[in-house]
Amino acid sequence: LPVGERLERRIIDGARKGLEDDLDTALADGMKALDIVNTHLLGGMKVVGELFGSGQMQLPFVLQSAEVMKTAVALLEPHMEKVEGAEEQSKGVIVLATVRGDVHDIGKNLVDIILTNNGYTVVNIGIKQPISAMIEAAEEHNADVIGMSGLLVKSTVVMKENLEELVSRGMEKRWPILLGGAALTRTFVEDDLASAFPGVVRYARDAFEGLRLMEPLVA
Ligand code: B1M
């Protein structure tokens, strides 16, 4: 198999052994670290989601796939392009969290990497975070934006409740809110949520849209 397909297979099979070698080969072949993630690793993860969703793969195997994915991203991270001066001067601060009740963090951590490499300061407070923890971190770090990730359908309800909580605390104008995660749709965020929220709420389909949205949000 070509190395890209081997990597995809590794994610599907949760096969960690030999991962470094395949990643080295892919990089030596001239593939860009981010393209490896976006094309091959995420391609594998998509198949895992389909197999799991249709009952052809059991949860422990999904977990193994997720572990291989995380290891691969960690190994590729040093090879990712960084904008010049990304470390010296921050373009803005975002508090990033997976919402209450949700453990999925691969997407959130990718957003962290992409934003960090492009000059933003990311305060990544982890998974299963209540809105109170996001507010606390945003105050402590003087954040420009709060970013929430969630993959469960249930998490879309949590996000709605989080916005309501910001309103009830009178904090709806304090931070623009960036939302992402596979359970959301653009219509749900931009029509349903935004119409009921007096502050700014935006939807990012992927980490790159998140990056593009940051500039107007921190301005
Ligand atoms: Co879960 N899981 N899972 N799972 N899991 C899904 C989400 C599911 C769709 C699978 C399926 O049924 N086909 C399904 C949800 C169904 C639903 O809600 N209707 C599901 C389920 C049911 C569950 C459990 C309930 C299973 C169980 O226990 N019976 C359980 C939930 C536990 C909980 O959260 N309380 C569970 C557990 C797990 C694992 C722990 C095994 C593992 C997660 C490991 C981890 O993250 N550390 C896992 C995995 C791996 C998945 C799938 C297969 C893959 C998710 C993933 O990492 N994708 C997933 C299937 C799917 O998504 N189709 C599935 C790759 C990742 C890069 O994509 O996070 O979408 P994503 O991020 C994207 C964009 O969405 C965007 O950028 C990224 C790409 O650039 N983005 C943002 C994300 N966040 C953003 C934030 C932003 C901007 C952009 O700004 C703030």
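The score pLDDT is the predictor's confidence in each residue, on a scale from 0 to 100. For the protein chain shown here the mean pLDDT is 96, and 100% of the residues reach 70 or more. The model as a whole scores ipTM 0.98 and pTM 0.96. This is a predicted model, in which local features need pLDDT of at least 70 and side-chain atom pairs count only at pLDDT 80 or more, while totals for chains, interfaces and linings use all residues. Residues are numbered from 1 along each chain as its sequence is written, and side-chain values use heavy atoms, with hydrogens and water left out.

**Stop 1**

Select residues 3-13, helix H1, and residues 19-28, helix H2. Helices (H or I, at least four residues) and strands (E, at least two) are DSSP runs, numbered from the N terminus. H1 and H2 pack at an angle of about 150°, and their axes are 9 Å apart. Each axis is a line fitted to C-alpha atoms, for helices over the stretch in contact, and angles run from 0 to 180 degrees between N-to-C directions. The crossing of H1 and H2 is left-handed, a term that applies if the near helix is turned anticlockwise from the far one by less than a right angle (right-handed if clockwise).

Next, display the side chains between these helices. Val-3, Arg-6, Leu-7 and Arg-10 of H1 meet Leu-19, Asp-22, Leu-23, Thr-25 and Ala-26 of H2. The residues of this contact divide into 5 nonpolar, 1 polar and 3 charged. In this division Ala, Val, Leu, Ile, Met, Phe, Trp, Tyr, Cys and Pro count as nonpolar, Asp, Glu, Lys and Arg as charged, and the others, Gly among them, as polar. Contact means heavy atoms within 4.5 Å.

Stay with H1 and colour Val-3, Gly-4, Leu-7, Arg-10, Ile-11 and Ile-12, which are its buried residues. Buried means under 20% relative accessible area, exposed over 50%, and partly exposed in between (1.4 Å probe, protein chains only). The cover over the buried residues of H1 includes H2, helix H3 (33-53) and helix H4 (59-76). H1 is followed by Gly-14, whose phi is positive, near 65°.

**Stop 2: Leu-41**

Move to Leu-41 in helix H3. Leu-41 is buried, with a relative accessible area of 0%. Not counting residues up to four places away in sequence, Leu-41 touches Leu-7, Ile-11, Ile-36, Met-69, Ala-72, Val-73 and Leu-76.

**Stop 3: the cobalt atom**

Select the cobalt atom of the ligand. Its single donor from the protein is His-104 (NE2), 2.2 Å away. Donors are N, O and S atoms within 2.8 Å of the metal (3.2 Å for Na, K and Ca); water is not among the atoms, so sites may look incomplete. His-104 itself lies in the loop between strand S1 (93-99) and helix H5 (106-117).

**Stop 4: Met-134 and Asn-162**

Select Met-134 in helix H6. Met-134 is buried, with a relative accessible area of 0%. Its contacts, leaving out residues up to four places away in sequence, are Val-95, Ala-97, Val-99, Ile-125, Gln-129, Ile-146, Met-148 and Asn-162. Met-134 and Ala-97 are 37 residues apart in sequence and 7.2 Å apart in space, C-alpha to C-alpha.

From there, pass to Asn-162 in helix H7 (residues 153-168). Asn-162 is buried, with a relative accessible area of 3%. Asn-162 touches Val-99, Ile-131, Met-134 and Met-148, again not counting residues up to four places away in sequence.

**Stop 5**

Lys-128 is found in strand S2 (residues 121-129). Lys-128 has a positive phi of about 50° although it is not a glycine. Lys-128 is partly exposed, with a relative accessible area of 49%.

Select Asn-142 next, in the loop between helix H6 (131-140) and strand S3 (145-149). Phi of Asn-142 is positive, near 50°, in a residue other than glycine. Asn-142 counts as exposed, at 63% relative accessibility.

**Stop 6: Ala-204**

Finish at Ala-204 in strand S5 (residues 201-204). Ala-204 is buried, with a relative accessible area of 8%. Leaving aside neighbours within four places in sequence, Ala-204 is in contact with Leu-178, Leu-179, Gly-180, Glu-209, Gly-210 and Leu-213. The C-alpha atoms of Ala-204 and Arg-169, 35 residues apart along the chain, are separated by 25 Å.
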